[in-house]
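User: I'm new to this one. Can you walk me through the pockets and the ligand?
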Amino acid sequence: MTKNKIRPGVYVYPMPVSIIGTIVKGKPTFMALAWINVVEYKPPLIAISSFESHYTNLGIKENQTFSVNIPSEGMVEVADYVGVVSGKEIDKSEVFEVFYGELKTAPMIQHAPINLECKVVKSINTTEFSEAERGHEIFIGKVVGAYADEYYLTNGIPDITKVKPFIFSIDNKYWKIGEFLGSAFSIGKTYKKE
Ligand SMILES: Cc1cc2nc3c(=O)[nH]c(=O)nc-3n(C[C@H](O)[C@H](O)[C@H](O)COP(=O)(O)O)c2cc1C
């Protein structure tokens, strides 16, 4: 096999699909977001990267809060919908049934299996290292509340086989999660190079 040098890009496989919630002009609004990552676990910190002209960014910046909602396979169409229309043109406040936790400006989606309410602890604008005129805003949020229906839990932890999250590939496709492969922090212990 030959290693081809390909165009540099963000080929991070896979990317989880999340739905970010916030409040703009007194109303809930949501957008799909795949550029999301865990940055710390104590306290739990999550980073999201959202293009600076998105309507959602207005709410995050004003309230310094946002929600992360993990949709299940059955929500693929609605997740895509909130990722193709902007709150600048279309009111997305009625798309989901919402509930609130501790933060009153982080609307969470009742129907999504996992909901996290986050408080912004740091914001970074990528414009200084962007080659484009406008960049993304990275919001690092501290998870102050996490919610899941009993149905999705096993031993108190969200169970991937019940949550059925789906993933996004850079060629603009959605995929289901596959089969169990092995136990982490364990399967490698007996590894030997052949
Ligand atoms: C699957 C998917 C993933 C997306 N991921 C991101 C992302 O990580 N960051 C981003 O800025 N926009 C992302 N988008 C685009 C926004 O969701 C989209 O532009 C949306 O309309 C913005 O809504 P708003 O203007 O109401 O905030 C994604 C869209 C889709 C469909």
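Analyst: Pocket terms come first. On a 1 Å grid over the protein atoms alone, a pocket is an open set of points where a 1.4 Å probe fits, with protein on both sides within 12 Å along at least five of seven lines; lining residues have an atom within 4 Å of a point. A volume is the space filled by probe spheres set on the points, which are joined across faces, edges and corners. The model is predicted: local features need pLDDT of at least 70, side-chain atom pairs count only at pLDDT 80 or more, and totals for chains, interfaces and linings use all residues. Residues are numbered from 1 along each chain as its sequence is written, and side-chain values use heavy atoms, without hydrogens or water.

User: OK. What volume does the second largest pocket have?
Analyst: About 360 Å³. Its lining has 19 residues, and Ile-36, Asn-37, Val-38, Ile-46 and Ile-70 lie nearest the centre.

User: Which element gives the largest share of that lining?
Analyst: E4, with 4 residues. Elements giving two or more include strand E4 (36-41), strand E6 (65-70) and strand E9 (114-125). Strands (E, at least two residues) and helices (H or I, at least four) are DSSP runs, numbered from the N terminus.

User: How do the residues of that lining divide?
Analyst: Into 16 nonpolar, 2 polar and 1 charged. Here Ala, Val, Leu, Ile, Met, Phe, Trp, Tyr, Cys and Pro count as nonpolar, Asp, Glu, Lys and Arg as charged, and the others, Gly among them, as polar.

User: And what is the volume of the largest pocket?
Analyst: About 490 Å³. It is lined by 26 residues, with Met-31, Ala-32, Leu-33, Ala-34 and Gly-83 closest to its centre. Strand E3 (27-33), strand E5 (44-51), helix H1 (55-63) and helix H2 (76-84) each give two or more residues to the lining. That lining divides into 13 nonpolar, 11 polar and 2 charged residues.

User: Now the ligand. Which pocket does it take?
Analyst: The ligand takes the space of the largest pocket. A molecule sits in a pocket if more than half of its atoms lie within 2 Å of the grid points.

User: How many residues surround the ligand?
Analyst: 21, the closest being Ala-32, Phe-51, Thr-56, Ser-86 and Gly-87. A residue is near a molecule if one of its heavy atoms lies within 4 Å of it. E3, E5, H1 and H2 each supply at least two residues of that shell.

User: Which polar side-chain atom lies 2.6 Å from an oxygen atom of the ligand?
Analyst: One of Ser-86. Backbone atoms come in too: a polar one of Ala-34 is 3.0 Å from a ligand nitrogen, and an N or O of Ser-49 lies 2.9 Å from a ligand nitrogen. A polar contact is a pair of N or O atoms within 3.5 Å.

User: How much of the ligand does the protein bury?
Analyst: 87% of the 650 Å² that the ligand exposes when taken alone. Those areas come from the Shrake-Rupley method with a 1.4 Å probe.

User: Switching to the backbone. Where are the cis peptide bonds?
Analyst: One runs from Tyr-13 to Pro-14, with omega near -15 degrees. Pro-14 is in the segment before strand E1 (15-16). Another joins Lys-42 and Pro-43, with omega about 5 degrees. Pro-43 is in the loop between E4 and E5.

Technical notes
A polar contact is a pair of N or O atoms within 3.5 Å; within protein, one must be able to donate a hydrogen and the other to accept it, and residues adjacent in sequence count only if both atoms are side-chain atoms.
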